[in-house]
Amino acid sequence: MGGYFGARLAAAGADVHLVARGAHLQAIREHELTVQSVHGDVHVGVSATDDATDIGPCDVVLFCVKAYDTQEAAARHLPPLLGADTAVVSLQNGVDNAERIAAVVGEGHVVGGLAFIFAGIAEPGVVAHTGGPAKLVFGEFDGATSERVRLLEEWCSRAGIAAEVSSDINAALWHKYAFICAQAGTTAAVRLPIGDVRASEACWTLFRRVVEETYAVAAAAGVRIEPGAVEERLAFAEALPPGAFSSLYDDLVAGRRLELDALHGTLVRLAAEHDVHAPAAEAIHGILEPWARHNDPSVPAR
């Protein structure tokens, strides 16, 4: 995700620096960065490092690490990138990453964000964008349209990136969270794409119930949820290509660490905290939690 948006912005003339690691970093340095995209390919030279102190203060930081790396990555990489008004835009799965980042850099630097894209590293130095609108939604948590948010919106426009400034980014985060918990949870739990989930009345009912439970938790937490939100999420899922999976599924079958705790683990905990009945979320979490520990034995049993 970071590679995709970074490449688009760099190709439009923005001064972009990537923080990467391992073989991916080496390939970008030696052969530049390639994006293979359903919206058109990009090949661009861009500065890349594994040490944020090489970069210095930035106007905007797109924070794209997995949710389980939030605290460590924030503490390690963000401080050298901060100027007086730097915006740190979290584009991660989950609804509590901003709080974790703010614990390191302060609330004033954190801007909420969402990315709607299916992308991954096809091989070192190559990012594959396979679907989704490749759209960014971002906004200040107080609803203001700040100069730094306008700056990011302007650069997205120059780069041909669909972008929307939200006046209620917290609600927007919960809308995406409701969809991800349902789509990622069902596709990973049954090991089949969304088309098979939709074709099964029982599984599609499970999908709906996860969405409903997520919105019930959001409402209990004081988030403003508009009428019709459940049906809107279902319509969005119905429009997805039948072969679409989720990053949670991809990580599960590849034997990688799962973002399960940031998704269903957090949902189950918040449901209990707000006294919301969430049996569908609990069931998916219970099915996938052994896999989380199987793929990463350091994950504690709960």
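**Contacts, fold and rings**

Mentor: In the protein chain, 70% of the contacts with a separation of 6 or more are between residues 24 or more positions apart. Keep in mind that this is a predicted model.

Trainee: How many helices and strands does the protein chain have?

Mentor: There are 12 helices and nine strands. The radius of gyration is 19 Å, close to the 19 Å that the globule rule gives for 302 residues, so the chain is as compact as a globular protein of that length.

Trainee: And what share of the residues counts as buried?

Mentor: Of the 302 residues, 50% are buried.

Trainee: Switching topic. How many aromatic pairs does the structure hold?

Mentor: Five. One of them is W174 with Y177: the ring centres lie 5.3 Å apart and the planes are at 90°, so that pair is edge-to-face.

Trainee: Where do W174 and Y177 lie?

Mentor: Both are in helix α6 (residues 169-190), three residues apart, which is about one turn of the helix.

Trainee: Why does W174 count as buried?

Mentor: Because its relative accessibility is 5%, and the cut-off for buried is under 20%. Y177 is buried too, at 1%.

Trainee: What about W204 and F207, stacked or edge-to-face?

Mentor: Stacked, because the planes are at 25° and the ring centres 4.8 Å apart. W204 and F207 are three residues apart in helix α8 (residues 201-220), so about one helical turn separates them.

Trainee: Are those two buried or exposed?

Mentor: Both W204 and F207 are buried.

Technical notes: Residues are numbered from 1 along each chain as its sequence is written. This is a predicted model: local features need pLDDT of at least 70, side-chain atom pairs count only at pLDDT 80 or more; totals for chains, interfaces and linings use all residues. Side-chain values use heavy atoms; hydrogens and water are left out. Helices (H or I, at least four residues) and strands (E, at least two) are DSSP runs, numbered from the N terminus. The radius of gyration is taken over C-alpha atoms; the globule rule is 2.2 Å times the number of residues to the power 0.38. Buried means under 20% relative accessible area, exposed over 50%, partly exposed in between (1.4 Å probe, protein chains only). Contact means heavy atoms within 4.5 Å. Rings of Phe, Tyr and Trp (its six-membered ring) pair if their centres lie within 6.5 Å; planes under 30 degrees apart count as stacked, over 60 as edge-to-face and the rest as tilted.
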